[in-house]
Amino acid sequence: MSDTAMTSFLGSCSLLIQTLMEAEISSDEMKEPFLQIEDTWSAIEGPTSIVDLALEQRRVHYPLAEHHYILAVIMHGIMLFGMKSVKIFSLFDSKVWYLPGNLSILLSKML
């Protein structure tokens with residue numbers, strides 16, 4: 001994969017994760033939809049409908065999604081600005097989760 005394709009891919013990944021995090025925040029404000037199904041459809045046997053499968057999905061684990069979002073944004077920045085000397089995994093402590101207030105510490109390690 002070329003550098004430009006990887007940069008575009010990482011940008012798309014960070015947008016996707018950001019969308020998932022925004023959907024998680026707004027899901028607290030919404031009620032679960034009530035689906036009215038006609039009697040003729042309820043008698044049919046077959047695979048589970050895609051609507052039922054979507055309603056059974058677990059919610060987004062927000063701290064983990066935020067962690068991946070920050071990682072994707074940092075990787076996108078590294079690729080965008082061509083910083084070849086930055087070791088991505090050296091920015092994260094393997095024993096401690098990222099805390100949102102420590103973004104300046106992560107950025108200072110990059111410089």
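Me: Which side chains meet in a salt bridge here, and how should I read such a pair?

Reply: A salt bridge is counted when a side-chain nitrogen of Lys or Arg lies within 4 Å of a carboxyl oxygen of Asp or Glu. In this predicted model the side chains of K84 and D3 form one, at 3.2 Å from N to O, and a search of the whole structure finds 1 salt bridge. The model being predicted, local features need pLDDT of at least 70 and side-chain atom pairs count only at pLDDT 80 or more, while totals for chains, interfaces and linings use all residues. Residues are numbered from 1 along each chain as its sequence is written, and side-chain values use heavy atoms, with hydrogens and water left out.

Me: Where do K84 and D3 lie, and how many residues apart in sequence are the parts that the pair ties together?

Reply: Helices are DSSP runs of H or I with at least four residues, strands are runs of E with at least two, and both are numbered from the N terminus. K84 lies in the loop between α4 (62-81) and α5 (103-110), whereas D3 is in helix α1, so the pair ties together parts that are 81 residues apart in sequence.

Me: Are K84 and S14 buried or exposed?

Reply: Buried means under 20% relative accessible area, exposed over 50%, and partly exposed in between, with a 1.4 Å probe and protein chains only. S14, which lies in helix α1, is buried, with a relative accessible area of 9%. If contact means heavy atoms within 4.5 Å, then S14 touches Y69, A72 and V73, not counting residues up to four places away in sequence.

Me: What span should α4 have, and which of its residues are buried?

Reply: The expected span of a helix is 1.5 Å times one less than its number of residues. For the 20 residues of α4 that gives 28 Å, and its end C-alpha atoms are 28 Å apart, which agrees. The buried residues of α4 include A65, E66, H67, I70 and L71, and the helix is followed by G82, whose phi is positive, near 65 degrees.

Me: How many helices and strands does the chain have, and where is confidence lowest?

Reply: The chain has 5 helices and 0 strands, in the pattern α-α-α-α-α along the sequence. The predictor's confidence in each residue is its pLDDT, from 0 to 100; the chain averages 76, and 70% of the residues score at least 70. Confidence is lowest in α5, at a mean of 52, and highest in α4, at 88. Where pLDDT is low, the predicted coordinates should not be read in detail.
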